[in-house]
Amino acid sequence: MKKTSLLAILSIAAAIQLSAQPPASPGPAMNTFITNLMSKMTLDEKLGQLNLPGAGDITTGQASNSNIAGKIKEGKVGGLFNIKSVAKIRDVQKVAVEQSRLKIPLLFGMDVIHGYETVFPIPLGLSCSWDMDAVEKSARIAATEASADGICWTFSPMVDISRDPRWGRIAEGNGEDPYLGSMIAKAMVKGYQRDLKNNTDIMACVKHYALYGAAEAGRDYNTTDMSRVRMFNEYLPPYKAAVDAGVGSVMASFNEVDGIPATANKFLQTDVLRTRWGFKGFVVTDYTGINEMIDHGLGDLQTVSALALKAGIDMDMVGEGFLTTLKKSLQQGKVTQAQIDAACRRVLEAKYKLGLFKDPYKYCDEKRAAAEIFTDANRKEARRIAADCFVLLKNQGNVLPLKRGGTIALVGPLADNKENMPGTWSVAADFTKSISVLQGLKDAARDQTKIIYAQGSNLDEDSVFEVRAGMFGKSLHRDPRPVEQSIQEAVQAASQADVVVAALGESAEMSGESSSRSNIEIPKVQQRLLEALLRTGKPVVLVLFTGRPLAIKWENDNAPAILNVWFGGSEAGHAIADVLFGDVNPSGKLSTTWPQNVGQVPLYYNHKTTGRPLAEGAWFQKFRSNYLDVSNDPVYPFGYGLSYTHFTYGDLVLSSKSLKGAQKLTASVTVTNDGAREGKEVVQLYIRDLVGSITRPVKELKGFQKITLSAGETKTVTFTISTEDLKFYNSDLKYDWEPGEFDIMVGGNSRDAKSVRVNWVK
Ligand code: BGC
């Protein structure tokens, strides 16, 4: 690592002194500072601020950039991403603040999505904790570690609502629900940014704005098209929640909306984001988002770059469309100086808010880098939080928790693998440091339990998934033997054991970007392995790895116990062992609906009734909305998840059944832990608006509380409901409530909720 000499420090200090010293807090002082700075900038320098190349330390897309230092010296770079380590960042920042004409510091960004080197569960898993303190804490630790390594800007939170498990990036979001998604968006922004004052606070970037999760057929980057009513009520709320929480930046999505790619979509980037929501930060494209509009069919690079700027985009990631064409567009009158100035100002404001003009090395502290990354304390939190994200899907005959003593057969392609534990989008992690299931079980067995391991099968028979998805050094060990032989070995292990733990499912890169699937089952060869294990008659616990809801009807019908563990992060193996042995009682609840088969997709709890709803409990009725070959039910509903204890809900008690205007309604329910051990329960509030000026969902999540109950304990959980909770966007996109009847529902998942009807008048 290069040491900065005293001379260099003095010259930096002198350089900073020469440019005006900004005061601490933004506001009029920020405006004056930036106006003054911009008065000195040439057009090229202004365009330079809009340019965000990738540094190439980490691969998150196709092209890469050459001669970055040269460009920085010329003032042609506003920020850099995918660069790792304080030493490198310090060196590059030094070029910007010592060798460029105006000494404007750079932003340093990275995809710190679910942790930095200490990795937390994939976001879809994290959302299943329904624990906003845990979510915020994970973002805080991620911010602390990333900032200790020089990063001041993260491309997170990703809050795209998705109802389509075929879409690989469902793994990166918070599931299907706008309310839960909004709460998580808020908690993440708070965790990353706090007030941006300290060098542990980093700027967040909410993405992918907008509607990226509604890609047709679940195919990544595909077309999105939906009504504005649906958009505003069901897909936009989490982005808005991030804006309301003060997110500093927004990333435009790749997809089109209403025929116009989000990157050139003025309706999204200006009319909604800035005019309606009052967003004050800057908007960055996604990776080559501007260039891709050539393929979208909107024109050549000059045309699409001008379109993006005019729509409200401020910064161009990777593609250099702004850098190379806007000057010409300005000369030809295709964009205005005011449009370029507005974008430049917003990028400079972000740097100001981060305090980079005051101290460009605010995030470059080698001591912090050495002391604050991948610490024992952070890993302990990652372990605790991961265990709270796992969802116990089935536990017939209380196979779980496992008892210490006896013999466990641990089998499956994901049992003895570290690299896949962090899951997709964990770009800063050292995968070799994560904990495998085998390691976790051995550590937890405390020498009282014998563990026999056998791989049992490969991830898939013909290695298609491994070849196509096994990027980033996360491939699994490939057993070269005939599959019959591997399965036989696993059966042998099972026959010597008291219980079988089968670690099956997807590998990390089978979800995430560019990892869509048309079949969402466990790969065939693993199904064969599971069948063979079940035939031994031994109790089998399926420990399921996945980045999406899977179609596991057969597994649910046949395996006695299923624990869904997503990709749990650095400490996955320990957290899995904690739950398997019952040191932690599982409390995760699904944030997505799990279908019976892929043909039911999209299947989501907050659907409409249609004009021909199916009678409750019915499978098929002629001339009703249903299928001939499968019922409308999911395998697991939204909000579902079991515990090692059992909770009983008492009657739902409302403060009134007839309300007027601004009155508040309280809904209370007693929840009793009538099992033998302490447990956590997520008590969920749903509301149905029975009659509306537009059709309304059959239920909508409007509140939840995660409570802890000791064995035998009863608690009363109370929700306070106001007309705010009844509001929705009507056909004119006016956000208001309409008087009438409402069903108030409380329960432990979206299916099994107690319901009472109220009348609410204006
Ligand atoms: C992804 C973004 C990511 C960006 C930068 C893109 O391919 O869609 O989510 O932030 O790359 O790595």
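1. Let us start with a definition: a residue is buried when its relative accessible area is under 20%, exposed when it is over 50%, and partly exposed in between (1.4 Å probe, protein chains only). By that rule K71 and E320 are both buried. Before going on, please note that this is a predicted model, in which local features need pLDDT of at least 70 and side-chain atom pairs count only at pLDDT 80 or more, while totals for chains, interfaces and linings use all residues. Residues are numbered from 1 along each chain as its sequence is written, and side-chain values use heavy atoms, with hydrogens and water left out.

2. What joins K71 to E320? The two form a salt bridge, with their closest N and O atoms 3.4 Å apart; the term means a side-chain nitrogen of Lys or Arg within 4 Å of a carboxyl oxygen of Asp or Glu. This bridge links distant parts of the chain, 249 residues apart: K71 is in helix α4 (residues 68–73), and E320 is in the loop between β10 (316–317) and α14 (321–331). Helices (H or I, at least four residues) and strands (E, at least two) are DSSP runs, numbered from the N terminus. The count of salt bridges comes to 46.

3. Another bridge to look up is R383 with D578, at 2.8 Å from N to O. Here too distant parts of the chain are linked, with R383 in helix α17 (residues 376–387) and D578 in helix α23, 195 residues apart. R383 has 28% relative accessibility, so it counts as partly exposed, whereas D578 is buried because its value is 10%.

4. R481 and D479 also meet in a salt bridge, 2.9 Å from N to O. R481 is partly exposed at 28% relative accessibility, and D479 is buried at 7%.

5. Now for the rings: how many aromatic pairs does a search of the whole structure find? It finds 24. Rings of Phe, Tyr and Trp (its six-membered ring) pair if their centres lie within 6.5 Å; planes under 30 degrees apart are stacked, over 60 edge-to-face, and the rest tilted. F81 and Y287 make an edge-to-face pair, 5.8 Å centre to centre with 85° between the planes. F81 sits in strand β2 (residues 79–81) and Y287 in the loop between β9 (282–284) and α12 (292–296), 206 residues apart. Both F81 and Y287 are buried.

6. W594 and Y636 have ring centres 5.9 Å apart and planes at 70°, so they are edge-to-face as well. W594 and Y636 are both in the loop between α23 (572–580) and β17 (647–649), 42 residues apart. W594 is buried, with a relative accessible area of 0%, and Y636 is buried at 1%.

7. K622 has its charged end over the ring of F623, 5.4 Å from the centre. K762 lies over the face of W737, 4.6 Å from the ring centre.

8. Finally, T407 is worth a look in strand β12 (residues 407–411). With 14% relative accessibility, T407 counts as buried. Beyond its neighbours within four places in sequence, T407 is in contact (heavy atoms within 4.5 Å) with K450, I452, Q496, A497, D498 and V499.

Key: Lys NZ or Arg CZ within 6 Å of the ring centre and 35° of its normal.
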